[in-house]
Amino acid sequence: MRYLPLTGEDRGLMLRRIGAAGVDDLFADIPADKLLRAQLDLPSSKSELEVERLLSRMAGRNTPAGSVPFFVGCGAYRHHVPASVDHLIQRSEFLTSYTPYQPEIAQGTLHYLFEFQTQVAALTAMDVANASMYDGSTGCGEAVLMAHRITRRRKAVLSGGLHPHYAEVVRTLSRMADDQIVDMPADPLASEDLIAAIGDDVSCVVVQSPDVFGNLRDLTPIAEACHKRGALLIAVFTEAVSLGLVKPPGEMGADIVVGEGQSIGNALSFGGPYVGLFATRQKYVRQMPGRLCGETVDAEGRRGFVLTLSTREQHIRRDKATSNICTNSGLCALAFTIHMTLLGETGLRRLARVNHAHAVKLADMLGGVQGVSVVNASFFNEFTIRVNGDAAAAVEKMAAKGVLGGVPVSRLLPRGAGVRNLIVVANTEINTDEDRAAFVAALTSSL
Amino acid sequence: MLNNQGRPTHAGEATAEPHRTFTSNRALQMEEALIFEIGRPDVTGVDIDEPAAFSPRLGGLERAAAIGLPGLSEPEAMRHYVRLSQKNYSIDGGLYPLGSCTMKHNPRLNERMARLPGFADVHPLQPQSTVQGALDLIDELARWLVEITGMESVAMSPKAGAHGEACGIMAIRAAIEASGEAATRRIVLVPESAHGTNPATAALVGFEVRTVPAGPDGKVHADAVRPLLGPDVAAIMLTNPNTCGLFESEIVEIARLVHEAGAYFYCDGANLNAIMGKARPGDLGVDAMHINLHKTFSTPHGGGGPGAGPVVLSKRLAAFAPVPFVTRDGDARRLVEDADGTQAFGRMTTFHGQMGMFVRALSFALSHGGDGLRQASEDAVLSANYVRACLGDLMSLPFGDRPCMHEVLFDDAWLKDTGVSTLDFAKAMIDEGYHPMTVYFPLVVHGAMLIEPTESESKASLDLFIATLRDLAFSVKNGDRDRFSGAPYHAPRRRLDETRAARNPVLRWTAPKLAEKAVAAE
């Protein structure tokens, strides 16, 4: 087996040094009747070539986004990632290192995490950010728990524009912790009255912008209403590129900002691994979940970085910890931070403008199709269309014609009222005029 | 042979003080600034054309103020990150004996497979007809995990070990609710030797934590568990093999007692690497166990994630697994995403789990085969015992000289009155080119040093590691405290001041002007 360096001779010598007659002597603590004698019912070892063949065959049965006109979003977005990003994250010292618990030999990781935290704070216009979460939805769940700790209240109001899967994650976590949730109905027109839902017992309001239907929402009045009632505003985004063009939640009064960072630097990868972004105000930093990297000096007075404020964390606080989180999403955070560094302010703003311009163009084209109307008054690179007939069937028909034409809202909200004819459509810089024309043609013939 | 004719090949006189350099660089070890100090907002390493004029539809919510993001051209970015990488230790670069973390070789075949467009470039919400191969891969990995552990099914979506723990404990809570005992079964038993995530998870899911004492032999005993069990207990969370590197030999009896009391048995599977093909948690009475794909199945740790933590479940819990999950419709695979109409307890994450990690894990499993996985576990255990046998005379074994599983635990009794602490010893290992072992964990022994060599080390590599630790141990015994007290001397940084970092947290870069103003204001 190519990954196992010990030879039969080595094993014999080592057993002799240990004083064991055979390797099973070392497994003597396993109750004798539970020690497996037979081989597992699994195939035997395979060469690299054989594994490649098998897995390539499986991969070949999927339709890669890059092979067709592709307009799918709703929480994960296909953007162009520079070649240097993937090269750099595969460097051994990044890829095959552990959590930086020994900072003297992990300054590479700690240094980029410090940069990452600063970039995320700048992007969201917040004071501080942590070193990443698993993904946007788990970050959202943690944000609600954090708000409960800060306000000592246990009721969260979830906007009807919040990604339904994020809402489900929060609901699951809240139910398990015996906390309360107020669910607003699905809100494709961004017309809900969240402010009326903020009672004195509400800990936080969770609002997404751009929301799952693509609408941009002005968070300022909601933040003001929250603060009047002693509640916190949790702002959510699933498309980080939008912050290159859209007013950031930190400028609209958000107390905690959580988002999905996949769309910068990371592949679609069928849903994971992704990287959760998490930022807040300075005054709440000790209630934050997840790892934090901080600046310090070494014994010679040179600047260096360490993981810090770990007294919040499970390995110190155990059942009193702010969260049970141990792992973050280090390598995905690295991909994010490299891509963001390559873009810089100029590149990010331009990328965001291109996305918006393309989406506006597509919205105008689709608006002209018989039986199709654009629902949104405002959007970034994603919007919702209403079609004549069943949206899921139309999306299937388009797929059969070789166009991946968005997400039927019924897939996210199987029992949602009035959503059966809605499709959420994303358009990024990867889409060409030919792609858009193919989409319009496929949709026209699928209704 | 080195050609030494005509030029000197000796290294010259060693000096006590390293020569100071103008740049503070030390040859290949480069000092590197922050991107905020070297980047400029008007520089970009990505060429993008400005779009043609259009009228925006942002509803008046345009971002006006500067964001504060520096940019680097591609060559600058390349150099910045390459230099940073050179400040990291890695498993590719050296032995990484972190107990309970399983830092094994990360095959590059796995990286290539995960990057196949059919896996890396598919969207989680594409029509299911266009991702049958991806669903098949999840299902196939699930089959391997179920067979290796002897369990009924597996929930694939949890994103890391602790996330998997939460998933397992939530499934237990859902089962307890279904049987109408939610109000009474409020307690989860956790041994004091457990990972900190265990009690944190139980608390997260609304349970009260009660501690089970470990026996003097480092194990949890049925006699210690029995008096704690009752109608108020929901579950026990045991790590097996445990964090002292020992197989819990009374596990079958403990499982029987727990089940008899109407409670569930959660097993922390962090140490599965010791027992693949040797024992199956399902045969031991386990109801739920997470598997760290980033440990046992070689998906790279990536400097602290991403991980992946699928949870295998017993028959009693299988129905409560969260959405989404894959089922079979004849030859086709179908993704169930809606919890309604099922007993699923809810949802753990946005999409279907860590697909990129699933591909890597299956690539690893296929490469090994059932026979290779068993051999890997045997080699991991053999290597840990070899280290134990070769160091046990110098370093102290808290539970006596008896076989361990895939990691060997030393305590600091042998360092008593030497003036050298576990931390000092660990830092001196850095100077010798080794990543330290896990230190001060588990908490049940004093000054713990937990060594896990894994199956990836050759005998020559183990022998050099052992010789190095013996040399360090002799230094301790000879009173050579300098070698330890100031260590590391040769790393990119000397010891870092963690107290200062925590007392006055600086968690982001701030422009110098602003920083000066802040100081002036204080």
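Two residues are taken to be in contact if their C-beta atoms, placed from the backbone, lie within 7 Å. The model examined here is predicted. By this criterion, B:Ile172 touches a set of residues beyond its neighbours within four places in sequence. These partners are B:Ala234, B:Ala235, B:Tyr264, B:Tyr266, B:Ala288 and B:Leu317.

B:Ile172 also belongs to the largest nonpolar core, which holds 312 residues. It is among the members that touch the most others. From chain B, this group also includes B:Ala171 and B:Ala235. Chain A supplies A:Val205, A:Val206, A:Leu233 and A:Ile234 to the group. Helix H10 of chain A, residues 330–367, gives the most to this core, with 20 residues. In soluble globular proteins, nonpolar side chains tend to be buried together.

Helix H10(A) also lies across a sheet of chain A, over strands S10, S11 and S13. Its direction makes about 145 degrees with S10(A). The sheet is open and has four strands, in the order S10-S11-S13-S12, with antiparallel pairing. S10 (372–374) and S12 of chain A form the edges, each pairing on one side only.

Strands of a sheet pair through backbone hydrogen bonds, either parallel or antiparallel. Strand S13(A) has a partner in S11 (residues 382–387) of chain A, antiparallel to it and joined by five bridges. S12 (residues 407–408) of chain A is also antiparallel to S13(A), with two bridges. Both pairings meet at A:Val424: A:Thr384 of chain A has this residue as its bridge partner, and so does A:Val407.

Strand S13(A), residues 422–426, is mostly covered, with five of its five residues buried. In a regular strand the side chains alternate between the two faces of the sheet. In S13(A), A:Leu422, A:Val424 and A:Ala426 point one way. A:Ile423 and A:Val425 point the other way. Residues on both sides of the strand are buried.

In chain B, the domain assignment gives domain 1 (110–365) and domain 2 (372–496). Their C-alpha centres lie 30 Å apart. The contact between them takes 20 residues from domain 1 of chain B and 19 residues from domain 2 of chain B. On the domain 1 side, the contact residues divide into ten nonpolar, seven polar and three charged.

Key:
Residues are numbered from 1 along each chain as its sequence is written. Chains are lettered from A and ligands numbered from 1 in the order in which they are written. This is a predicted model: local features need pLDDT of at least 70, side-chain atom pairs count only at pLDDT 80 or more; totals for chains, interfaces and linings use all residues. Domain bounds come from an automatic or database domain assignment. Ala, Val, Leu, Ile, Met, Phe, Trp, Tyr, Cys and Pro count as nonpolar, Asp, Glu, Lys and Arg as charged, and the others, Gly among them, as polar. A residue is buried if 20 or more other C-beta atoms lie within 10 Å of its own, exposed if 12 or fewer, and partly exposed in between; C-beta atoms are placed from the backbone. Two strands pair if DSSP finds at least two bridges between them. A nonpolar core is a set of buried Ala, Val, Leu, Ile, Met, Phe, Trp, Tyr and Cys residues joined through C-beta atoms within 7 Å. Axes are lines fitted to C-alpha atoms, for helices over the stretch in contact, and angles run from 0 to 180 degrees between N-to-C directions.
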